[in-house]
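Thank you all for coming.

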2 protein chains.
Amino acid sequence: MRLATLRDGTKDGRLIVVSPDGNAYAAATVGTLQEAMERWDEVAGQLTAIAEFPEALDPAQLAAPLPRAWQWLDGSAFQSHGDLMDAVLGITKPKTDMPLMYQGTSDKFYGPRDDVKFGDEALGIDFEGEFGVIVDAVPMGISAADAMAHIRLVVQINDWSLRTLAGPEMKTGFGWVQAKPPCGMAPFAVTPDELGADWRNGRVCLNLNVDWNGQRFGAANGEPMGHGFHELVAHAARTRDLVAGTVIGSGTVSNPNFREIGSSCIAERRGIEVLDQGDPKTAFMAFGDTVRMEAVDTAGRAPFGALEQKVVRA
Amino acid sequence: MRLATLRDGTKDGRLIVVSPDGNAYAAATVGTLQEAMERWDEVAGQLTAIAEFPEALDPAQLAAPLPRAWQWLDGSAFQSHGDLMDAVLGITKPKTDMPLMYQGTSDKFYGPRDDVKFGDEALGIDFEGEFGVIVDAVPMGISAADAMAHIRLVVQINDWSLRTLAGPEMKTGFGWVQAKPPCGMAPFAVTPDELGADWRNGRVCLNLNVDWNGQRFGAANGEPMGHGFHELVAHAARTRDLVAGTVIGSGTVSNPNFREIGSSCIAERRGIEVLDQGDPKTAFMAFGDTVRMEAVDTAGRAPFGALEQKVVRA
């Protein structure tokens, strides 16, 4: 099942169920995705049963599947990304088996065709292609094994990042605030079964195609996460209940063969340039630049639809 | 004006206006504090005009003034606290004039008499007495001077902290997730004018009396913040719009003469013990322990009421 949210002038929009071909929709039996997450056991069956899709779907009318959430916790589960970032930022992190995670702004997720406003190109504007999951209510102290069943939806995210601010904030130990403005979300939130065999071990085993200004920039696969999403959920819930509708992110999708398949963020390419050539060569984004992210399966189908955003001056 | 929220079985509760003596209340003209923050210019005058308080107030019926918020950003604006924490945790932070800030869990604030559940005493259960402000909608890029007018309410907070987890999380550079479970809030959210001359330079210039198991533990004053709340708000809004109802915290209230006036968290006392005696002597909280926090003015009045919580086993 694929769910999306139509803009209707309210902050949470109106939940819809999307047809298998992604071109049509039906009204949902519950008003918003937040409400669906709070009443998942009750409404999932109703939503799944919908088989008629009478309305044509225009991606330009879509908000993020979850336009705002009570909580967004983003991991950094791809080791090759973390290693490159540390090399560029001059960070030496202690060795740990613990998932890395910070809490980010969740009161707004950009829709899949929204322009994104920034005040200054000098902030080092960068995209980060990620996968994420949305959980129903998760009790504090849950095990990773038990957390798996709370993963109700999978989403595709652009975690906008301001690199000039990221290093200094990280060095304070307090994590990121200014470096992490709101994220964007691809059109469709999908149930794990919608991904079929590409949902394995709590991982989205799909290539994430990333195009910057129409040029392929990366096609990393989501499988090599050091911790699966169920482990990230359990980590997040160690000392707090997770409210229904909490979004948990993978961090930038990255593979060890990044020199062949490219990257899901510019900072990573710059890291490779530093390693290979001594200095970063690729500039960050400029006003007017676009980025398109679309995970595809081996049949060429894009379960989350395409996330297409343009950077504009605030 | 003092506002509070009555439990009514809903997640946001029901907003009330509290009498000057704190013993009675009247229904508000708007349903919830979140809605009041979104419509502040329209509703503040109506709320301020309420002069009859027909109902008796029982603090046990109160939720947090804002039982959940879309965003909670906590600073660390008291230098003497930061210096002690760094000494204890073995952290060397770069010198910076930038306010320190992390984003914490905001989907739940404990009410002023709620028990607080933790899974394990070995986590290093600690309180942190703080002040905070609640803003209406703040545009990205605002100046500190302009941010002052967006500070609509002032609150008193207990930022529960798990010290065993805090150091390792801080050293990752990602900030705190597990170390920071939900906070508690004192009964009343007050408009800055309610504090009179004790609201100065964006600071709450009151002593915060902290009692642990009925013994006075600290009485630090809120004035020596390195950055005022208006500066913290501007820092938070540098690269994001702040949604109405965003809560911004001061960090643990601390004064340089901590050996005389005590501390607002146990970790700080332990830091003093490390400096003075080589090792920490004071243990963290045990199940059954209580903490009471109450800011008082020189006339002995407590504008926020008393925040009284007990630690219990989850």
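Let me begin with a term: a residue is called buried when its relative accessible area is under 20%, exposed when it is over 50%, and partly exposed in between, as computed with a 1.4 Å probe on protein chains only. By that rule B:Ser19 counts as buried, because its relative accessibility is 5%.

What you see is a predicted model, in which local features need pLDDT of at least 70 and side-chain atom pairs count only at pLDDT 80 or more, while totals for chains, interfaces and linings use all residues. Residues are numbered from 1 along each chain as its sequence is written, chains are lettered from A and ligands numbered from 1 in the order in which they are written, and side-chain values use heavy atoms, with hydrogens and water left out.

Staying with B:Ser19, you will find this residue in the loop between strand E2 (14-18) and strand E3 (24-27) of chain B, where helices (H or I, at least four residues) and strands (E, at least two) are DSSP runs numbered from the N terminus. If we set aside the neighbours within four places in sequence, B:Ser19 is in contact, meaning heavy atoms within 4.5 Å, with B:Arg2, B:Ala24 and B:Phe53. The C-alpha atoms of B:Ser19 and B:Leu3 are separated by 9.1 Å, although the two residues are 16 apart along the chain.

A:Thr246 sits in the loop between helix H6 (229-236) and strand E19 (247-249) of chain A, and is buried, with a relative accessible area of 0%. Which side chain makes a polar contact with the side chain of A:Thr246? The partner is A:Gln71, at 3.2 Å, where a polar contact is a pair of N or O atoms within 3.5 Å, of which, within protein, one must be able to donate a hydrogen and the other to accept it, and residues adjacent in sequence count only if both atoms are side-chain atoms. The side chain of A:Thr246 also reaches the backbone oxygen of A:Val243, at 2.7 Å.

Let us turn to the aromatic rings. Over all chains, a search of the whole structure finds 21 aromatic pairs, a pair being two rings of Phe, Tyr or Trp (its six-membered ring) with centres within 6.5 Å, called stacked when the planes are under 30 degrees apart, edge-to-face when over 60, and tilted for the rest. One of them joins B:Phe127 and B:Phe217, which is edge-to-face because the ring centres are 5.6 Å apart and the planes lie at 85°. B:Phe127 belongs to the loop between strand E9 (125-126) and strand E10 (129-135) of chain B and B:Phe217 to strand E18 (residues 215-221) of chain B, so this pair ties together parts 90 residues apart in sequence. Both B:Phe127 and B:Phe217 are buried.

A stacked pair is formed by B:Trp199 and B:Phe229, at 6.4 Å centre to centre and with 20° between the planes. Here B:Trp199 is in strand E15 (residues 199-200) of chain B and B:Phe229 is in helix H6 (residues 229-236) of chain B, 30 residues apart. That helix is itself largely enclosed by the rest of the structure, because seven of the eight residues of H6(B) are buried.

Finally, how do the two chains relate? Between them, 46 residues of chain B are in contact with 45 residues of chain A. The copies meet through the same surface, because 98% of the interface residues of chain B are also interface residues in chain A. The area buried between chain B and chain A, that is, the accessible area (1.4 Å probe) that two parts lose on being put together, summed over both, is about 4200 Å², and carbon and sulfur atoms give 61% of it. B:Trp70, B:Phe174 and B:Gln178 supply 22% of the area that chain B buries against chain A, more than any other three residues.
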